[in-house]
Amino acid sequence: MTALLTLDYVAEKMKEFGTAEQVRSNRIRIRTTPERVSNAIQKALDSLGCDRLITISTADNGTTFELFYHLIGPHRTVVSIAIEIPRDQPEVISMSGILSPAGIYERQIHDLFGIMFRGHPGLKKIILNEDWPADEFPLRKDWKKNPDTYYGGIKVERT
Amino acid sequence: MPIGPHHPALKEPVNFRVIADGEKIVRLELDLSYNHRGIEKAAEQRDFIRVLPLLERVCGICSHSHSSAFAKGIEEIMQIEIPPRAQYIRTIIAELERMHSHLLWLGVAAHEIGFNTLFMWTWRDRELVQDTLEEMSGNRVHYGMNEVGGVRCDLTPHQVSTALERLPFLEERIYQYVDMVNAQQTLLLRFKGVGKLTREEVLKYGAVGPTARASGVDYDARRDDPYFVYTEVPWNVVTDTNGDVYGRTCVRIGELRESASIVRYCLENLPEGPVRVNAPKIAPEGEIFSRYEAPRGELAHFIRTNGTNKVERVDIRTPTLANWTSVAMCLVDQNLADIPVIVAAIDPCLSCTSRITLISTPGRKPGIVTFDELRKRGQTYCQEQGPP
Amino acid sequence: MAALPESISQRLVNWARIKSPWITLFNSGACNACDIEVIACLMPRFDIERFGILAKGSPRHADILIVTGHVTLKQASRLRRVWEQIPEPKYVIAMGACGASAGAFHGLYHIMERVEDVIPVDVYAAGCPPRPDEIINAVVTCLNLLKEDQVHGGKEWRQNKSDEMMKPIERKVEM
């Protein structure tokens, strides 16, 4: 275990990708764009000393989708790399080539939000029923269950 | 072959397709949809009092972990400090939950290799932990102790003393399990060398919890991102260098010992004071990434609030999901007979009721095998092979 | 309906069914708490095996089906198939608050809300999760139902009585 990363150190190393801010004593968030995110993650793995992906979190704020890649290393600081994706064209490059565990998180996000990950080896349904309609993404803010659709081969009538 | 146990133990529905070549496994694919319920969406419509029982029921075995991770995240966004007595009580319940989960796992792993005596013994000892939890909280599972702002109810001196009386018996039984794991031939034969993961593989595939600590990777969210009273209580992180199922067993038994000593320290040094503070009904806008060490590994809650009395987004990453990639990778080139043991070794917290379909090399017909038959097949295979 | 005259072999089979029913467990997408309470029933503390109740893995050998959890959309068809494989006479125990009305998960998008929507249920065990004592009580209630049904020659007498209670309930679900 090494010492915690400081904001200046991280800001210096990652300044070509975006601004860094210290949101908590052991968490630093860097905002960048979808085109540069794979380079940012590679840089974090190489020079910031991160060696592991914790998870990929998503949020829907009404206008865009936000993705957070949380990385950590022996320095015990969580480096969160945040990007925003437009709602009408939700696409981003897959990280499963650089970070192996990203594959499973991206499949889950694709099922629930409909974000397309280019270059992913196999975006099959993992968490929703295979009979779920292909264009309905439950965790989007504007999704409501349609009473006329069959979900999973079952239509349950309720008033 | 889709694997789906329909057996009395380890009742989780998961379906993963194993593509096998004779007895060796070639590839593994995963399908988790049996247990998906849509909790994250429903949590956005419940206020902070109603969302905690829902989040507790994400998993029945680590229920306190989910509600604690959420409650501590919301308390940090609201910037309130909970009183020390509440922190001690939360730690006691968390460590008791870790003990009951590891004892459960030990029994289930023993059942997988046919060692039913150990199954019965560990579950009988687990009843002592359940009795303690029931006295303190009122329920054997799903304790419901957490509230935003502290703990729901207090511990009476009688409860503290009865819990302290039970601890020596438990500690003695744990020592017996240590001896058993080192001496029993059945265990050693089925556990050693099986499902081995090196340190680099663990980091590459993102494994967490005892699975990672058994390969020497020294991550533990209780030490790296401390919460509750883990900075005040003397305790150690248990690691091992074996990296196989035997190593994971040793790590879990070591953690049982550590948990027992943490519980003893907390019960003996419980500070006086209130057990909750009045939390505001509305949380300010904010975002927090709350990490917690559940019995199975590191649990991550990403919480975002928007200034109302409901949460805007809670994104839950369970430790079992993080461990599945490493299971898929370490099952390649292993024997079919070892599937139950390796899957059980990461301690899955999904519900597995899939049925196993064997798809051998292309050209042969698939057949359906139940997990019971696979387990028996594994046991006869090892008996035929003989001791190494 | 008068009871049919029973032959000796029939009486033997009935006695065996009441004295040692075999149960099978089906998890239809639950959080596992009910499952570990059922397994705790088999363990030395509560030990239902001393009553002759065995937990079998295959539905074809069972008399009683214990369903845990509210049924997820994926498990609904499988639950139906498992239920159809159980030979008559069969009884279903729906465990917990989830089995009765989805419990804490009311209104979620991937679940069926009630076990009753998929298969007919005979006994409900209350609790979240029900204690092992309550599970044993539910199994014993099931056995009493079995005895009564044998006298009346089947389950139909109960169903005619409760038709007016079984009308579909109209529920309002928020999403």
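**Note on chains B and C**

1. In chain C, strand β1 (residues 22–27) and strand β3 (residues 64–68) run parallel and are joined by 5 bridges; within this pairing, C:Phe26 stands opposite C:Val67 of β3(C). The model under discussion is a predicted one.

2. These strands of chain C belong to an open sheet of 5 strands, whose order is β2-β1-β3-β4-β5 and whose pairing is parallel. Because β2 (54–55) and β5 (123–125) of chain C stand at the edges, each with a single partner strand, one side of each is left without a neighbour in the sheet.

3. Across β3, β4 (91–95) and β5 of chain C lies helix α5 (residues 132–152) of chain C, which runs at about 170 degrees to β5(C).

4. Turning to chain B, helix α6 (residues 157–183) and helix α11 (residues 245–268) have axes that come within 10 Å and cross at roughly 160 degrees. With angles over 145 degrees counted as roughly antiparallel, α6(B) is therefore roughly antiparallel to α11(B), and the crossing of the two is left-handed.

5. The contact between these helices draws on residues of α6(B) including B:Leu164, B:Leu167 and B:Ile174, and on residues of α11(B) including B:Ile253, B:Leu256 and B:Arg257. By class, the residues of the contact of α6(B) with α11(B) comprise 15 nonpolar, 1 polar and 3 charged.

6. Helix α2 (residues 48–56) of chain B has B:Phe48, B:Val51, B:Leu52, B:Leu54, B:Leu55 and B:Glu56 as buried residues. Among the elements of chain B that cover the buried residues of α2(B) are α1 (39–42), α3 (63–78), β4 (146–147) and β8 (311–317).

Notes: Residues are numbered from 1 along each chain as its sequence is written. Chains are lettered from A and ligands numbered from 1 in the order in which they are written. This is a predicted model: local features need pLDDT of at least 70, side-chain atom pairs count only at pLDDT 80 or more; totals for chains, interfaces and linings use all residues. A residue is buried if 20 or more other C-beta atoms lie within 10 Å of its own, exposed if 12 or fewer, and partly exposed in between; C-beta atoms are placed from the backbone. Helices (H or I, at least four residues) and strands (E, at least two) are DSSP runs, numbered from the N terminus. Two residues are in contact if their C-beta atoms, placed from the backbone, lie within 7 Å. Two strands pair if DSSP finds at least two bridges between them. Axes are lines fitted to C-alpha atoms, for helices over the stretch in contact, and angles run from 0 to 180 degrees between N-to-C directions. Angles under 35 degrees count as roughly parallel, over 145 as roughly antiparallel, 65 to 115 as roughly perpendicular and the rest as oblique. A crossing is left-handed if the near helix is turned anticlockwise from the far one by less than a right angle, and right-handed if clockwise. Ala, Val, Leu, Ile, Met, Phe, Trp, Tyr, Cys and Pro count as nonpolar, Asp, Glu, Lys and Arg as charged, and the others, Gly among them, as polar.
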